[in-house]
Amino acid sequence: MIVLGLETSCDETAAAVVDDSGLILSEVVLSQFEEHRPYGGVVPEIAARSHLDHIDRLVDEAMTRAGLSYDALDAVAATAGPGLIGGVIVGVMTAKAIAAVHGKPFLAVNHLEGHALTARLTDKVAFPYLLLLVSGGHCQILAVEGVGRYRRLGTTIDDAAGEAFDKVAKMLGLGYPGGPAVQAAAERGDARRFPFPRPMKGRPGCDFSFSGLKTSVRQMVETLPPGPLSEQDKADLAAGFQAAVVDSIADRVKRALAGFRGTAFVVAGGVAANSALREKLQALAAQAGLPFVAPPLRLCTDNAAMIAWAGIERLKAGESDPLDFRPRPRWPLDPDAPKSTGAGA
Ligand code: ATP
Ligand code: MG
Ligand code: FE
C-alpha cells in the first residue's frame, strides 16, 4: 500500500510518499521561514499564497524521487485541519484533484492524528500508548487507543508549549522560529539565575498552563537595567524559561504515567525536538518502566510523511473521505473535547 501525503497547515509546504511497511519513499519540505521572518511570526495570507506557489512542484518532486507514477498510488492524503485555513484549502484541493483525476481514494487527515501516529511509522508502537503532544498550537496528554480513538487526559488551559517558546524568543530578540533559537541560547545559559515558576506543578489532573510563565519572563526582563539585553542575559533567561517548561511538563506527565497501562510513552509535535525535554521525558518513561519513543527531529516538526502514514493507517482500517469533505480550521482529536478549552483545538 502506497500513499502520497500533503501538509500545508502552517508554514511548511510538504509532500511525501510512504508505504505501509513504514518506508518513506520520498519526502520534500519547503519551509517558509524566510518569508515570515520579517514579521516575527507566520502571516496566514503570505503562507497561503506561498503554499499555492509551490505545492504542484513539490508533489512532482516527491513522485519523481519515489520513482512512481500516480497509478502506483493507493490513495492521496492531505491535512484537512486544524490549521491556517487558507493553507489547508490549498493542500486539500490539490489532493482531491489528484485523487479525482487518477481515480484514487482521498483521505482528509487530521494534522494532530499525523503527529499522534508518527511513532507507529518510525517504531511500530502497538496500541494503547500514552502520548504527549507538544506543538505550536497544542499541548495535550492523550491515551491513544487506536486509529481515530483518542482519550484526552489533559490539555493547556491557555497557551501551547511551542507558542510560549515562540513568544519568549520574540521577547528576547532571538528571532523566528523561536523554539530552536531558545534551545540554542539556553545551552549557553545558567538556568538557576532567574527562578521562574513551575506552572500547575503539584495540581491535580494533567492540564498545562504557560501564559503566566511567559508573563514572568517579561517581568524579569523589566527588572534588568534598561537598554538591550546582553547575550548572557538572553542565554540565562532562555535557560531559566526552558527549565521551567520542562519541569512543568514533567510534573504533568508523571501524573499521567502513574495511572496508565499501555505499551509505551510517546512524544510528538515540534516541541518534541527540544533536547532538554526529550532527556527528561526519557527518564520519566524509564522510571515508569515503559519504552520511550520520540520521532527523529525532522518528523517532530510538520512534515508530510506523517500525513501519508496517517492516511495509510486509516485506509487499512477501511476508511476514506468524500471529495466534498470541508477543511476544518478547528478539529480536536478527541470527540468529546470541550469546545472552549485548548489552544487551536
Ligand atoms: P500544531 O501541530 O499544534 O497544529 P504546528 O504544526 O504549528 O502546530 P509544529 O510544527 O508541530 O506546530 O511545531 C512547531 C513548534 O515547535 C514551534 O512553536 C516551534 O517553536 C517549536 N519547536 C521546534 N523545535 C523546537 C525546539 N528545539 N525546542 C522547543 N520548541 C521547538
Ligand atoms: Mg511549522
Ligand atoms: Fe504540527
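I began at Met200, which sits in the loop between H6 and H7. This is a predicted model, so I'm reading everything below as computed. Is Met200 buried or exposed? I get 23 other C-beta atoms within 10 Å, and the cut-off for buried is 20 or more, so Met200 is buried.

Arg192 has 10 C-beta neighbours inside 10 Å, so I put it down as exposed. I also checked Arg192 against Leu237: they are 45 residues apart in sequence, and their C-alpha atoms are 9.4 Å apart in space.

**Another positive phi**

Lys124 is not a glycine, yet its phi is positive, about 55°. I found Lys124 in the loop between H4 and E6. With 10 other C-beta atoms within 10 Å, Lys124 is exposed.

**Cis peptide bonds**

Pro128 is in the loop between H4 and E6. The bond joining Phe127 and Pro128 is cis, with omega about -10°. I then looked at Pro177, in the loop between H5 and H6. Tyr176 and Pro177 are joined by a cis peptide bond, with omega about -5°.

**Helix H7**

Next I sorted its residues by burial. Leu213, Lys214 and Val217 are buried in H7. Looking down the axis of H7, I see the buried residues fall within an arc of 105°, so they line one face of the helix. Thr215, Arg218, Gln219, Glu222 and Thr223 are exposed on the other side of H7.

**Helix H9**

Which residues of H9 are buried? I listed Leu277, Leu281 and Ala285. Down the axis of H9 these buried residues fall within an arc of 70°, so they line one face of the helix. The general rule I wrote beside this is that an α-helix has 3.6 residues a turn, so residues three or four places apart point the same way. On the face of H9 turned away from its buried side I found the exposed residues Ser275, Glu279, Ala283, Ala286 and Gln287.

Val271 is in the loop between strand E9 (265-268) and helix H9 (275-288). With 28 other C-beta atoms within 10 Å, Val271 is buried.

**Ligand 1**

I turned to the ligand next. Of the 25 residues around ligand 1, Gly136, Gly137, Gly162, Gly179 and Gly270 come nearest. Helices H4 (111-123), H5 (161-171) and H6 (178-186) are the elements that give two or more residues to this shell. H6 gives the most, with four residues. By class I have seven nonpolar, 16 polar and two charged residues in the shell.

**What the UniProt record says**

The unreviewed UniProt entry puts "domain: Gcp-like" at residues 24-309. Over residues 24-309 I get 48% helix and 16% strand, and the end C-alpha atoms are 9 Å apart.

UniProt (unreviewed entry) marks a "binding site" at His111, His115 and Asp302. These are spread over 192 residues of sequence but cluster in space, with a largest C-alpha distance of 8.8 Å. His111 is in helix H4. With 30 C-beta neighbours inside 10 Å, His111 counts as buried.

The "binding site" annotation in the unreviewed UniProt entry also covers residues including Leu133, Gly136, Gly137 and Gly179. Leu133 is in strand E6 (residues 129-134), and with 26 C-beta neighbours inside 10 Å, Leu133 counts as buried.

Technical notes. Residues numbered from 1 in each chain as written. Chains lettered and ligands numbered in written order. Predicted model: local features only at pLDDT ≥ 70, side-chain atom pairs only at ≥ 80, totals over all residues. UniProt positions renumbered as here; feature names shortened; annotations may be inferred. Near = placed C-beta within 6 Å. Nonpolar A, V, L, I, M, F, W, Y, C, P; charged D, E, K, R; others polar. Buried ≥ 20, exposed ≤ 12 C-beta atoms within 10 Å, placed from the backbone. Arc of directions from axis to C-beta.
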